[in-house]
Every structure is written in C-alpha cells, then in structure tokens.
Amino acid sequence: MSQLFYCMTMPGLETLAFSEIREHLPDAEQVKFARGIAVFKTAHSPAALLELRTVEDVFASAVHIPHMRRDPDGLRVLHSATMHTDLTPAITSWRRAHHGRQPRTWRVVSQMVGSYDFRRNDAGLSLANALKRVLPRGMRQVDDDADMEIWLWLGNNDVLIGVRLSDATMRHRSYKREHLPASLRPTVAAAMNWLARPTAQDVVLDPLCGAGTILVERGLMAPFDRLIGGDIRDEAVAMARRNARSADVGVSWRVWDAQELPLEPASVTRIITNLPFGKQLGSHQSNIDLYSALIKEFERVLTPDGLLVALTSEDRLWSTLLQKHGWRLLKKVVLVVLGQPASIFVAERADQVVETASR
Ligand SMILES: C[S@@+](CC[C@H](N)C(=O)[O-])C[C@H]1O[C@@H](n2cnc3c(N)ncnc32)[C@H](O)[C@@H]1O
C-alpha cells in the first residue's frame, strides 16, 4: 500500500531530488512541491529513502493540512487534526527504517516558513499536547535526544506533520571529518553529480576541489572509471585526501593551479566544480581573470562530448564566458549557497552538438 512521505531539500533542489527519488523508487508519485519540500507517495520500504543523496531529511507524513488558517484559531485546527489522525503508519515507517526498534521517547521540532498570527513555539506546544494523547502509552516526551522526532512544518499555505526517518548523518554525512570555510553542503555536491548524469565510464575532474566533497559524493553515488581532484592549497588537498579516505573512495589528488592543469587534452569526461565566489574566496575582479583562464583549460582537458557542471554566484560572468567560448547551456538550477543566490550551470560544447547533428 502506498504511503505519503516527504523530503526536505536545499531550496531550489526539490524537483532534482524528486528525479533521484524516482530513480531509486520507480513507483514514487509526486504529490506536491513547496520551497525546500517534495511530497510523494510510494509503497517502497522507508529504508530505501535513507539512501537518497540529494535530500537533507526524510519524513513519513502523518498530517497534511492544505489550507492552514493564519489566525490563532489555527492552533486549534492543528490540535484537532493531530487528534483525529492515525499515527500508526508513520510510526511503523520509523520502525522499518530503524530495523524494527521500538521508539521510547519523542519530541517536537517546529519550523515556521509562512507568516501566521501565532508563534512557532505555541504551534509546537499545541501539537505536543495532542501527541501526548494519541501516541502509544509507553512513549515519553523529552526535550533532547529523542528516539523519534515529530516535525511540524508551517509553510505558506500547507502544514505538514511528519515523523523524521533520517538523522543528522543524512545531511552532514559521517565521512565528512574536515571542513573548509567555503565547503559545499554534501547534498548540493550530490545534486551537481546527479546533474552530470553519472555513467560507469566517467573520468571525473574537480580542478578546484577544496575539501573534496564533490568527488567523494561522486564516488558514493555511482560507479566510475577515475576520479581526479586538485586545489592550489596544500591544506585543501590534504583535507580532501582525508575525507576521501574516511569515505573509502579512491581519488587521485594533486596540488596544482587549475589554470594550467597537468592533464592531457581531452582526458576527462566530466568536470564538476564549485568555483570560488562570494566574500570568503577571491573577489569579482579576480574572478574575471580566473574564470576566463579556467574556461579555456576546461575546454582543453574535457572530451568533446563531455559535460561541465559548475556552481557559482557569478551568474552573469559565467553565462557570458560560456557563450563566448562556445559552450551550450543545458540546464541552470538556482539555489542559495552560504546565504547568497547561486546557480549550478550544466554545459556542453556547442560544436559537439553541431557535429552530432550533421552526422
Ligand atoms: C569554492 S571552493 C571549493 C569548495 C569545495 N567544493 C568543497 O566542498 O570544499 C574553491 C576552491 O578553489 C581553490 N582555488 C582557487 N583558485 C585556484 C586555482 N587557481 N587553482 C586551483 N584551486 C584554486 C581554493 O583554494 C578553494 O579551495
């Protein structure tokens, strides 16, 4: 029997996450998207959902209120909807995701995205009061470290109440021991890899690898031929090496200047990279020179049918350079990285397309 689940994603990655969900669970049926949320139905085991790499958290949906009222009466609606819901399927999903364990403690976590005439804490209390009456008797409410977390998400119109199936390792990953200031969220790195359409023949390069998140995520996502990474800073490469070792992913690491890569022409099939941008790294002025040099080097080392996936907040600069140097933009995904809008650009050589068409 199909059950309702939802995933939380980085805002902007909802539809992409749903395509990963469909690949893992072909029966998944999309129900709704909101910013940072993908709601869907599936009859698959919840354990399969914990394998997803582009989502931050997974929930078994317990209550969905589609048109929540904004006035304080909303609190009564919340209480009553919870009182009238059978929580058994959501709790069963939690048990299936936790090898049959019985949850002994619970707590409520509330998030308010939309604007309401009541406070987030009061909504959380209203939910907790109802849960005290409907959860199995043996379960105890605690303030921290609960076995089972019940999340309340107050969106712009909808309200979702769900049992959290994932834990913090889903978004932070257990391999990621070391972080750099501009280190990418693993789910965003996974999304970039997903957009690069992984194949077992891939030779993947991240020429500005930082802590190595993109290549480690690639190694964990799908089979590959080779992974190659480098950075201009020794300490970044050392960190990337340690992260890859802890994830048990084999990567060839080098210290280099990505403007002059020690690689043969047409030797890699994918370039996936997080370019320097924002206040933490470089400046707009230095990026103008750096990006121009990089794009020429990327053209040299990438096979003619290869894919280039780059993340930057220098939207106009990167779009202009792609166009000027003969790249065709296949897709652009807009999201927020380190508090600022950024885009993932997926591009291929435009001349390769013409060649294919004339064959
Ligand atoms: C945005 S960070 C990459 C973050 C990385 N994706 C992660 O998750 O940690 C950009 C990286 O580019 C490196 N970098 C800057 N200029 C470079 C150059 N000319 N050659 C190679 N690496 C460079 C910086 O040292 C920095 O680690």
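**Note on the predicted model: helices, ligand site and selected residues**

1. Helix α3 spans residues 74-83, and its buried residues are Gly74, Leu75, Leu78 and Thr82. Viewed down the axis of α3, these buried residues fall within an arc of 110°, so they line one face of the helix. The cover over them includes β4 (57-65), α5 (120-134), β7 (148-154) and β8 (159-164). Please keep in mind throughout that this is a predicted model.

2. Helix α4, residues 88-97, can be read in the same manner. Its buried residues are Ala90, Ile91, Ser93, Trp94 and Ala97. Around the axis they cover an arc of only 155°, which puts them on the same side of α4. Among the elements that cover the buried residues of α4 are β1 (3-8), α2 (46-49), β4, β7 and β8. Just after α4 comes histidine 99, with a positive phi of about 50°.

3. The ligand is surrounded by 21 residues. The closest of them are Ala211, Thr213, Asp231, Arg233 and Ala258. Sorted by class, the shell around the ligand holds 13 nonpolar, five polar and three charged residues.

4. A polar side-chain atom of threonine 213 is 2.8 Å from an oxygen atom of the ligand. For leucine 184, a backbone N or O atom is 2.9 Å from an oxygen atom of the ligand. For isoleucine 232, a backbone N or O atom is 3.1 Å from a nitrogen atom of the ligand. The ligand taken alone exposes 610 Å², and the protein buries 94% of that.

5. Arginine 171 sits in helix α6, residues 168-172. Its side chain makes a polar contact with the side chain of aspartate 57, at 2.2 Å. Leaving aside neighbours within four places in sequence, arginine 171 is in contact with Glu56, Asp57, Trp151, Arg164, Arg185 and Pro186.

6. Serine 110 belongs to strand β5, residues 105-112. Serine 110 has a relative accessible area of 12%, so it is buried; the cut-off for buried is under 20%. Not counting residues up to four places away in sequence, serine 110 touches Arg120, Gly124 and Leu152.

7. Arginine 119 is placed in the loop between β5 and α5. Arginine 119 counts as exposed because its relative accessibility is 55%, and exposed means over 50%. Arginine 119 and valine 163 are 44 residues apart along the chain, and their C-alpha atoms are separated by 22 Å.

8. Arginine 173 is not a glycine, yet has a positive phi of about 65°. Arginine 173 lies in the loop between α6 and α7 (186-195), and at 8% relative accessibility it counts as buried. Leucine 338, also a residue other than glycine, has a positive phi near 50°. Leucine 338 is found in the loop between β14 (327-337) and β15 (340-349). At 52% relative accessibility, leucine 338 counts as exposed.

Conventions:
Residues are numbered from 1 along each chain as its sequence is written. This is a predicted model: local features need pLDDT of at least 70, side-chain atom pairs count only at pLDDT 80 or more; totals for chains, interfaces and linings use all residues. Side-chain values use heavy atoms; hydrogens and water are left out. Buried means under 20% relative accessible area, exposed over 50%, partly exposed in between (1.4 Å probe, protein chains only). Helices (H or I, at least four residues) and strands (E, at least two) are DSSP runs, numbered from the N terminus. The arc is that of the directions from the helix axis to the C-beta atoms. Contact means heavy atoms within 4.5 Å. A residue is near a molecule or strand if one of its heavy atoms lies within 4 Å of it. A polar contact is a pair of N or O atoms within 3.5 Å; within protein, one must be able to donate a hydrogen and the other to accept it, and residues adjacent in sequence count only if both atoms are side-chain atoms. Accessible areas come from the Shrake-Rupley method with a 1.4 Å probe; for residues, only the protein chains shown count as cover. Ala, Val, Leu, Ile, Met, Phe, Trp, Tyr, Cys and Pro count as nonpolar, Asp, Glu, Lys and Arg as charged, and the others, Gly among them, as polar.
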